[in-house]
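Morning, everyone. I have one model to show you today.

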Amino acid sequence: MTRGVIKLAALAGLAKQARDYAQKNPESVSSTIGKVEDAVSRKVGPKYAAHVGKGGKAIRTGLGISSAPPAPEVRKPSTD
C-alpha cells in the first residue's frame, strides 16, 4: 500500500511541474497540443474530430492555459 501512495505522490508532483511549465510557456504548450490534435485528427478522420477538440480543450483547461489559440501579433508600420 505504501508503494502506491509514493507513486501517487510522484505523479502529483509531475502534474504540478507540467502545470507550472505550461503557465510559464503557454504559447509553446498550446502550439504543441494543437500539433498533437492535428496528428490525431488525421489518423482518426473527421468522425472523431469533435472528440479530439474536446480532449485538447480539456488538457489546456487542466494545465491552466487559454483554450483559444494565441492571437497573431500585429505590428504597426513604422513612420520613418
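First, a term: accessible area here comes from the Shrake-Rupley method with a 1.4 Å probe. On that basis, the protein chain exposes about 6800 Å². Carbon and sulfur atoms supply 62% of that area. Keep in mind that this is a predicted model.

Now the layout. The protein chain has three helices and zero strands. From the N terminus, the order is α-α-α. Of the 80 residues, 15% are buried. Take the contacts with a separation of 6 or more: 56% of them join residues 24 or more positions apart.

Let's go to H3. This helix covers residues 49-63, so 15 residues by the DSSP runs. From first C-alpha to last, H3 reaches 21 Å, close to the 21 Å expected at 1.5 Å a residue.

Which residues of H3 are buried? Val 52, Gly 56, Arg 60 and Leu 63. Seen down the axis of H3, they fall within an arc of 75°, so they line one face of the helix. Those buried residues pack against helix H1 (2-24) and helix H2 (26-44). On the face turned away from the buried side, H3 carries exposed residues: Ala 50, His 51, Lys 54 and Thr 61.

What follows H3? Gly 64, with a positive phi near 80°.

Last, the core. Leu 63 belongs to the largest nonpolar core, together with Ala 22, Val 29, Ile 33 and Ile 65. Look at Val 29. Leaving out residues up to four places away in sequence, Val 29 touches Tyr 21, Ala 22, Leu 63 and Ile 65.

Terms used: Residues are numbered from 1 along each chain as its sequence is written. This is a predicted model: local features need pLDDT of at least 70, side-chain atom pairs count only at pLDDT 80 or more; totals for chains, interfaces and linings use all residues. Side-chain values use heavy atoms; hydrogens and water are left out. Helices (H or I, at least four residues) and strands (E, at least two) are DSSP runs, numbered from the N terminus. The expected span of a helix is 1.5 Å times one less than its number of residues. Buried means under 20% relative accessible area, exposed over 50%, partly exposed in between (1.4 Å probe, protein chains only). The arc is that of the directions from the helix axis to the C-beta atoms. Contact means heavy atoms within 4.5 Å. A nonpolar core is a set of buried Ala, Val, Leu, Ile, Met, Phe, Trp, Tyr and Cys residues joined through side-chain atoms within 4.5 Å.
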